[in-house]
Amino acid sequence: MASLMLLFSCSKTGEFFEDFDKYHDRVWVSRDFWSIPLEDWKISEGRVEASGDHPKRKLNLLANTLGGEGSFHAQVNLGSLNEAGPKGYAGFAFGLKDDTDNDMRSVCYFGKGTLAGIRADGQIFIGEKSVTLPESFVYSDLTLNLTVYRYEGSSKVLLECSDLSGNEAIVEVDGLSDTEGMIALECTGDYWFDDFRLKGNMVRPGSAFGPILFTMYTLSRGTMKLTAQMPPLGEDDNREVELQLLRGRKYEYAGKATMMPDARIASFRIDDWDATEDVHFRVVYSETYRNGSPEEYIYEGLIRKEPEKEELVVGGLTCQYHYGFPYTPLRESLKEMDPDLLYFSGDQLYEANGGYGIIRYPADRAILNYLGKWYMFGWAFSKLMDDRPTICIHDDHEVFQGNLWGDGGKLLTQEQWNGKRDCLAGFVQPVEMVNVVMKTNSSHLPDPYDPTPMENDIQVYFTDLVYGGVSFAIVGDRVFKSGPEQVATWEGRLDHLKELLKDPSLLDKPGLTFLGDRQMEFLDWWVRDWKGASMKVLLSQTIFTYSSTHSGNDSSYLEGDLDSGGWPKQGRDEALRLMRKAFAYHICGDQHLPSLIQYGIDDFRDAGWVFCTPAIAVGYQRYFLPDRLGWPVNDRPTHGYPNTGQYRDGFGNFNYIYAVGNPDVINRHRNRYTQADLKSSGYGIIRFNLDSRDITAEAYRFLSKKGEGEYLQFPGWPHTVNQLDNYGREPLAYLPTLEIHGIADPVIEIINESTGNLEYILRIKGNSFKPKVFSLDPHSIRIGDPENDQWKTIEVKTPISLAGSTEASKIIVEF
Ligand SMILES: [Fe+2]
């Protein structure tokens, strides 16, 4: 059989026993177990209880698994908690395996095996076979004994039960083949369990998860911020978490943090961080048991030294629909590429993740429900995040909304939301839960540019991060955005533009918000700030255009989706005008359709490039199929791939589609990873070359690995553009060529003196630059070194018209 992957640590072979007596009352059971759904399990007075909102509940044992030949014996005490009498069933699920991936995380959520237990209808059962229990059987307190003998791949299984009154029953099955794998306690209805014992020579060492579940960190401008994600601990559990750094050969104390009661994170911040060295860290949590005895747990990671190499490699990741969990082939090839920085652009979870539903309120239950799904993300990616910086921002599904127009923090009632599902502006979830989503995703980002909360006290994270010579602006493109109800005059879904409007200006009326004034103000500051940076990148959730034609399982046609960043157009155009002033490249996700596009504002190809990275595991499917629709082909790239070239979307946006990763077929495949691959899942790698100033986008398939060092990409990738291509607008004239002496790679700022506007600003490579301009107005050129605040300004009365003199004209600037 395929061996179960060992994670993190092992417990001893041969025997497991847990009476739950040492733990304080709490939701999280222990590192030896993984409960699904998280919120339906708890420790209460020395036993574990399963009850709550969901129909089915499973407590996976992580500490040990079952394998080989011989025998094992499992025992547990349990009883019904339903006052009106027992409901459903309770017992063991054993021999749990997953066809796609026998990684433990996978088996916890997707494992299939045999159920053996008691049913409320008076039966004791193993799989399909059942025997009637004595009539007076007492469900409130009983013992189950499961014995499995396995020889030459076939097992004999016995299940015995006895209640407090001495009633007994037994059921037996012979010839069962699948008894290796994981074991869990499982029930429908409400039950308690206690004194869980497992022994025999089939019992194998397993692993653990927690109490420190995972960490995320960033390093920017000498400040290191790290969050440690903790599970829902109890009132009486220790809440203090310690950070230690390896100095020489010894780990030294570097700070203490108290776990936030709602988000269950411990946040650390260290200023004056020396970024020139690798620093190993450990997060230490001391669990104090009910009897007072402490036990120390350690989670280790590495704060990498800030890269000083020629190329900064960013991993672009988005959208984790759980059928691809824990995304093993993708994680493994990503790890091999060893990106310097990870960017998770949103939809780190979907409402259905974990295989159970969402809880909208009350807030504390909604938070636990969110955390159970969020922990899956961390469990999958912790080994990538614990030794490199991670930028993580949430999108709509984390706040349990299929689409989101936050409108600056507006709230929706449940009734309003039900009436026009996912089509109205506002947050439907309790503010406490929305803020937990923000904190768990983004607390480790550099401090927000302006931390003032939005309306209704919804917190913000928009900020910048400078790392390895690249300056990133991190914005939320949905939280300030206006809702479709402001413009939609049609029947049906307000966010779906099914046909072009006779008067398209109706979609673009004044007063609509895209990124919002506060984020635009921030971007206006950011485009001018080049300290420590040679290149600029905007990070947001979605693409600032509409670049699909068909969507959904029925592949229905849409002219435009108001959920995309193509709307509202005026705000979108303003954002792009600002971004191109800094020659900013855009990395985003959300769309589930890998796309590499050059934006247009007033015409095709006059703005920057955007890479919408593949989804980690695509749920909702999108396609861009202009060829199928018979649209005229213009400016198709030389690679000649179908469905590429110049197209306008339903909002009037100009798109130069350089590459698109349409799925081949609509398909369902038994193997979850093959299905992910068929649905165009994968990830992006973006390489910023600080020397050539080239930016290379690579789009890898979910099953990308073809051999040693060989990885399969979507057609059209990789593709390289230059930093300068991010201001695609054609010049009308040039200013004299600048030759700068005395400072290396200066920053150059071009200002139109007639309008007073900043035309653009960038850090050039080398000492020579010929500035393009878009009018014959007088211009001033500001040249300098932002690190030392040395600047010189040059006035140019008359730019050199393209139509006019071609004579070389040069200005030498000495510092
Ligand atoms: Fe998504």
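Visitor: Which residues does Leu 245 touch, not counting residues up to four places away in sequence?
Guide: Leu 245 touches Lys 250, Tyr 251, Glu 252, Ala 254, Ile 270, Trp 273, Val 279, His 280 and Phe 281. A contact means heavy atoms within 4.5 Å.
Guide: Some ground rules. This is a predicted model, where local features need pLDDT of at least 70 and side-chain atom pairs count only at pLDDT 80 or more, while totals for chains, interfaces and linings use all residues. Residues are numbered from 1 along each chain as its sequence is written, and side-chain values use heavy atoms, leaving out hydrogens and water.
Visitor: Got it. Where is Leu 245 placed?
Guide: In strand 20, residues 240–247. Helices (H or I, at least four residues) and strands (E, at least two) are DSSP runs, numbered from the N terminus.
Visitor: Is Leu 245 buried or exposed?
Guide: Leu 245 counts as buried, because its relative accessibility is 4%. Buried means under 20% relative accessible area, exposed means over 50%, and partly exposed is in between (1.4 Å probe, protein chains only).
Visitor: How many Å apart in space are Leu 245 and Glu 499?
Guide: They are 59 Å apart, C-alpha to C-alpha. In sequence, 254 residues separate Leu 245 and Glu 499.
Visitor: Let's zoom out. How many helices and strands does the protein chain have?
Guide: Eight helices and 54 strands.
Visitor: What does the C-alpha trace span along its principal axes?
Guide: About 105 × 65 × 50 Å.
Visitor: What share of the residues counts as buried?
Guide: 63% of the 815 residues. As for contacts with a separation of 6 or more, 71% of them come from residues 24 or more positions apart.
Visitor: New topic. Which loop holds Glu 180?
Guide: The loop between strand 14 (168–176) and strand 15 (182–187). Glu 180 counts as buried, because its relative accessibility is 9%.
Visitor: What does the side chain of Glu 180 reach at 2.6 Å?
Guide: The backbone nitrogen of Gly 68. The side chain of Glu 180 also makes a polar contact with the side chain of Arg 150, at 3.3 Å. A polar contact is a pair of N or O atoms within 3.5 Å; within protein, one must be able to donate a hydrogen and the other to accept it, and residues adjacent in sequence count only if both atoms are side-chain atoms.
Visitor: Now the backbone. Which residue does a cis peptide bond join to Phe 325?
Guide: Pro 326, with omega about -5 degrees. Pro 326 lies in the loop between strand 25 (311–317) and helix 2 (328–337). The bond from Tyr 361 to Pro 362 is also cis, with omega near 0 degrees.
Visitor: Why point those out?
Guide: Most peptide bonds are trans, and most residues other than glycine have a negative phi.
Visitor: What is the phi of Tyr 327?
Guide: About 60 degrees, a positive value, although Tyr 327 is not a glycine. Tyr 327 counts as buried, because its relative accessibility is 1%.
Visitor: And where is Asp 590?
Guide: In the loop between strand 35 (585–588) and strand 36 (595–600). Asp 590 has a positive phi, near 75 degrees.
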